[in-house]
Amino acid sequence: LTGVANRRAWEEAVEAAQRDVHASWGTRVVAVAIADVDRLKQVNDTLGHPVGDALIAATASALLRESPPDATVARLGGDEFGVLWVTTRDEYAASDFEGSLRTVMTGGDTAQQFPVLASIGFATCPTEESVLAAVEQADSNLVSQKRRRSTD
């Protein structure tokens, strides 16, 4: 359906990133984004599962397009996606990793005339003590954003 990696590939990428960070003596950064498609249940209930599937596929496509070419993009669950990018500090500083992903998840794309909208959380390692801690922090940031967006 999505053309992106699955949860098992994601977990393997997280493990490999942790090894890479430990071996790099502080010269590498692991950037993590966790995205959750907004209103998927509403879309499925009102417009049908084919439109919901198109929304999931469009979200994956947008993440793939806007992520760095060497990043891992994976579907983590029904409507949740992850992006994991291992890079140098300089390359990360020169990129707009968060900005480009945040922009594409705020309705720039459509699926059957329905806007692609997703809440998204970010974190980095070594700012967090481990890659797994960065994944957990990105997920926590996602939950915070989703709460803020639902009250807007």
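Is Glu66 buried, partly exposed or exposed? At 30% relative accessibility, Glu66 counts as partly exposed (buried is under 20% relative accessible area, exposed over 50%, partly exposed in between, with a 1.4 Å probe and protein chains only). Its side chain meets that of Arg65 in a salt bridge (3.4 Å, N to O), a term for a side-chain nitrogen of Lys or Arg within 4 Å of a carboxyl oxygen of Asp or Glu. Arg65 is also partly exposed, at 45%.

The model is predicted: local features need pLDDT of at least 70 and side-chain atom pairs pLDDT 80 or more, while totals for chains, interfaces and linings use all residues. Residues are numbered from 1 along each chain as its sequence is written, and side-chain values use heavy atoms, without hydrogens and water.

The whole structure holds seven salt bridges. One of them joins Lys146 and Asp36 at 2.8 Å, N to O. Lys146 lies in helix α6 (residues 131–151) and Asp36 in strand β1, so this pair ties together parts 110 residues apart in sequence; helices (H or I, at least four residues) and strands (E, at least two) are DSSP runs, numbered from the N terminus. Asp38 also forms a salt bridge with Lys146, with the closest N and O atoms 2.6 Å apart. Asp36 is buried at 11% relative accessibility, and Asp38 is buried at 9%, whereas Lys146 is partly exposed at 27%. Shared partners join Asp36, Asp38 and Lys146 into one network.

Strand β1 belongs to an open sheet of five strands, ordered β2-β3-β1-β5-β4 with antiparallel pairing (two strands pair if DSSP finds at least two bridges between them). Its edge strands are β2 (72–77) and β4 (106–111).
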